[in-house]
Amino acid sequence: MLVHIIRDSNVSMDLYQEIVELLQKFIGPLLFTANENFVELKDLPTVKRTLKKKQFRKKEKIVYNSLMPNDEFIMESRSPKKEVIKFPVIREEASPEDILEECLSYRKNNNIANGDIIVLLTETANNLNWFSFGDENKNIFILTKDWDYYLDCNRSLPIAHQVA
């Protein structure tokens, strides 16, 4: 399966190349392809939002039932590991649907097959406050900033994990 990795103009070429090179080292059913051009998100409708500490650290539990009886998995959102975030956080946010619309436009403009996956690496925050989001059309975006609030590692590693 072909995975097209694209970026918006705010994602550095160095970070982009590091992620793509990391993913291309592994042999498997996914073939990762890069595009040196970027997607311009200038016309994306955004809303300025102020997040207070309580909103940012909100925990949600999602319970997934497995196929085995009495077996379930509980996923919790995580709070930042560091107290380095200065609250309130003021940022521009877009809706996940509007960000994914950019993936759809890229798919149409570049004649990408319906079976292929498009992953947009973006610096644009979303109003869900999620690191990644996808749709049924195999369009996905991954936020490339703020990872250092949660993990003590090079951010290319968790981003590459999200792509895979």
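This is a predicted model: local features need pLDDT of at least 70, side-chain atom pairs count only at pLDDT 80 or more; totals for chains, interfaces and linings use all residues.
Student: Where is Val 39 placed, and which residues does Val 39 touch?

Tutor: Helices (H or I, at least four residues) and strands (E, at least two) are DSSP runs numbered from the N terminus, and contact means heavy atoms within 4.5 Å. Val 39 sits in the loop between strand 2 and strand 3. Leaving aside residues up to four places away in sequence, Val 39 touches Ile 6, Arg 7, Asp 8, Ser 9, Glu 102, Tyr 106 and Leu 120. Val 39 and Ser 105 are 66 residues apart in sequence, yet their C-alpha atoms are 9.7 Å apart in space.

Student: Let's zoom out. How many helices and strands does the protein have?

Tutor: There are four helices and 10 strands, and along the sequence they follow the pattern β-α-β-β-α-β-β-β-α-β-β-β-β-α. Of the 164 residues, 35% count as buried. Among contacts with a separation of 6 or more, 64% come from residues 24 or more positions apart.

Student: In what order do the five strands of the open sheet stand?

Tutor: For pairing, DSSP must find at least two bridges between two strands. Here five strands form an open sheet in the order 2-1-7-10-9, with mixed pairing. Strand 2 (31–34) and strand 9 (132–134) are at the edges with a single partner strand each, so one side of each is left without a neighbour in the sheet. To compare directions, axes are lines fitted to C-alpha atoms (for helices over the stretch in contact), and angles run from 0 to 180 degrees between N-to-C directions. Neighbouring strands of this sheet are turned by 20° against each other on average, direction ignored.

Student: Which strands does strand 7 join by bridges?

Tutor: Strand 7 runs parallel to strand 1, with five bridges, and parallel to strand 10, also with five bridges. Arg 7 stands opposite Leu 121 in strand 7, and Ile 118 is opposite Asn 139 in strand 10. Strand 1 (residues 2–7) also runs parallel to strand 2, joined by four bridges, where Leu 2 has Leu 31 as its bridge partner. Strand 7 is mostly covered, with six of its six residues buried. Ile 117, Val 119 and Leu 121 point one way, while Ile 118, Leu 120 and Thr 122 point the other way.

Student: Which strands does helix 3 lie across?

Tutor: Helix 3 (residues 96–109) lies across strand 1, strand 7 (117–122), strand 9 and strand 10 (139–143), at about 125° to strand 10.

Student: And which residues of helix 1 are buried?

Tutor: An α-helix has 3.6 residues a turn, so residues three or four places apart point the same way. In helix 1 the buried residues are Leu 15, Tyr 16, Ile 19, Val 20 and Leu 23. They cover an arc of only 125° around the axis, which puts them on the same side of helix 1; the arc is that of the directions from the helix axis to the C-beta atoms. Their cover includes strand 1, strand 2, strand 7 and helix 4 (156–163).

Student: What is the order of the three strands in the other open sheet?

Tutor: That order is 3-6-8, with mixed pairing. Strand 3 (46–51) and strand 8 (125–126) are the edge strands, each pairing on one side only. Strand 3 and strand 6 (residues 89–94) pair in the antiparallel sense over six bridges, with Lys 48 opposite Glu 92 in strand 6.

Student: Last one: what is the phi of Asn 111, and of Lys 138?

Tutor: Asn 111 has a positive phi of about 50° although it is not a glycine. Asn 111 lies in the loop between helix 3 and strand 7 and is exposed, with a relative accessible area of 71%. Lys 138, also not a glycine, has a positive phi near 65°. Lys 138 is in the loop between strand 9 and strand 10, and at 33% relative accessibility counts as partly exposed.

Methods. Residues are numbered from 1 along each chain as its sequence is written. Side-chain values use heavy atoms; hydrogens and water are left out. Buried means under 20% relative accessible area, exposed over 50%, partly exposed in between (1.4 Å probe, protein chains only).
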